[in-house]
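This report looks at a few backbone features of one model. Please keep the sequence and the structure at hand while reading.

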Amino acid sequence: MSLAKLRTHYTTQINPDEVGEEKVTLAGWVHEVRDLGGICFVVLRDREGRSQVTLVKKKTDKELLDHARKLIRESVVSITGSVKPEPKAPNGYEIIPDEITVLNEAESPLPMDTTGKVDAELDTRLDSRFMDLRRPKTLAVFKIRHEVLKAVRTFLTNEGFIESSSPKVVATATEGGTSLFPITYFDREAFLNQSPQLFKQILMSGGMDRVFEIGPIFRAEEHDTRRHLNEATSIDIEASFADHFDVMEILENMVSFVYSHVMENAVPSLETLGVELTVPKTPFLRLTYKEAIDIVNAHGEEELKWGDDLSTLSEHTIGKHVFDKTGESHYFIIDWPTEIKPFYAMPYEDKWEISKSFDMMHRTMELSSGAQRIHNHDLLKGRIESQGLDPYGFDFYLRAFRYGMPPHAGWGIGCERLVMTMLGVENIRDVVLFPRDRKRLSP
RNA sequence: GUUCGGAUAGUGUAGUGGCCUAUCAUGGAGCCCUGUCGAGGCUCCGACUCGGGUUCGAAUCCCGGUCCGAACGCCA
């Protein structure tokens, strides 16, 4: 038996002019019951919106009315009835029910309010994410996230990129730097991968030419901030016969496309959140690392010397400076010291202490980093050694450079940070369904 | 990890030594109510994070634990 008859329409699909005498069936959750005595309103909520079901005492079967009055909030129901145009009703119509079927009754009290009358803290909401998602504001974030990823796929596909997937279980702690989560792989030790970096480069040797991947990355860092996760979603690309400037152009155009796409395709969700977007103007400002630290030093709150990484404060200082000057939130920092970038970043041929690397920033935080990569085997091996890593563990990677590796470049951008900066969300956990952080492993 | 702050009904809050058998909202139970859309009115229900201490008296002060938040650090 199919359950398709439990629903003929979403609440937003009902147009009283088109439906006419036809009966409709809605399925969803009991959002509210307002019993005024002689008239009773039941608000049914589904993924797309809400519909008002109206029962007038004089005109309604007593048993049905009593049933409706006793509905418990957030129970799952299927309601069949006729559609009546009614200017006094929300959306200009209401449902006059013939039948109300409770498919699963909710317990009471609820772990949190879904109507927007009483706030709940993030921790409470995450503990009861199933209930939190019934709040239109929470759902809207994830509908927008879907549109972001859809736009990324469309854009990159149109740019000639092939979607690929790399393993998340890897043998060695490859890149040094960040800590990895160790796991047991049958009788061996393995790790959860921190980035698809090495694999997407291998694909360049394989001749795939342009690849992208959207997938999870794992970082075992004990950071504890509003913008860090231990499991995040990375959007990564790698392109052959391209330098860092070529892929920066792809990146800024993609970000701008994503914003336009969301503005066109997520209007109700943006309205629900009260967010008004403007498309970032391309090309983004390109600051050199030198200019960036000069801005920080001129500002006087801290003193950076060449070779230092940017602190959180300095990121904000530079971001504010750029925003005040250009009115734009996004910008690049280019030409980083080779030493503070990963081993695979290509140094400038005529100036080895500077690399063909970049970070793409939002005025509030780093969104992306990328570079032209070293494609020469011996140079790469030397860089691995000079960063204190053991080239032995990189055999599977280095081999790909010995038999015809094209010059290539790429970047990775954090999906959650892209979404949170777009929507002005303060805590990254708000844009992940089930965040994994220092403190949270469940649900 | 460091520093600072916090924990009161299901949820969100007020309450800085006695006036607290603890405030308000939301919620739940019940009654009234024919146009609600955060419906309204009335009645009732429901809580001081845990352990120790100070005090005649502790939600309130002190010590410790647990959990949470913020900033910073860490983060190719």
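## Cis peptide bonds

Pro 443 is found in the segment after α13 (415-423). Helices such as this one (H or I, at least four residues) and strands (E, at least two) are DSSP runs, numbered from the N terminus. The bond that joins Pro 443 to Ser 442 is a cis peptide bond, with omega about 0 degrees.

A cis peptide bond also runs from Ser 108 to Pro 109, where omega is near 0 degrees. Pro 109 sits in the loop between β5 (93-104) and α3 (122-127).

## About the model

The model is predicted: local features need pLDDT of at least 70, side-chain atom pairs count only at pLDDT 80 or more, and totals for chains, interfaces and linings use all residues. Residues are numbered from 1 along each chain as its sequence is written, chains are lettered from A and ligands numbered from 1 in the order in which they are written, and side-chain values use heavy atoms, with hydrogens and water left out.

## Positive phi angles

Glu 74 is not a glycine, yet its phi is positive, at about 70 degrees. Glu 74 belongs to the loop between α2 (62-69) and β4 (76-85).

Asp 209, a residue other than glycine, has a positive phi near 70 degrees. Its loop lies between α6 (197-205) and β10 (210-218).

## Exposure of these two residues

Is Glu 74 buried or exposed? With a relative accessible area of 3%, Glu 74 is buried. Asp 209 has a relative accessible area of 32% and is partly exposed. Buried means under 20% relative accessible area, exposed over 50%, and partly exposed in between (1.4 Å probe, protein chains only).
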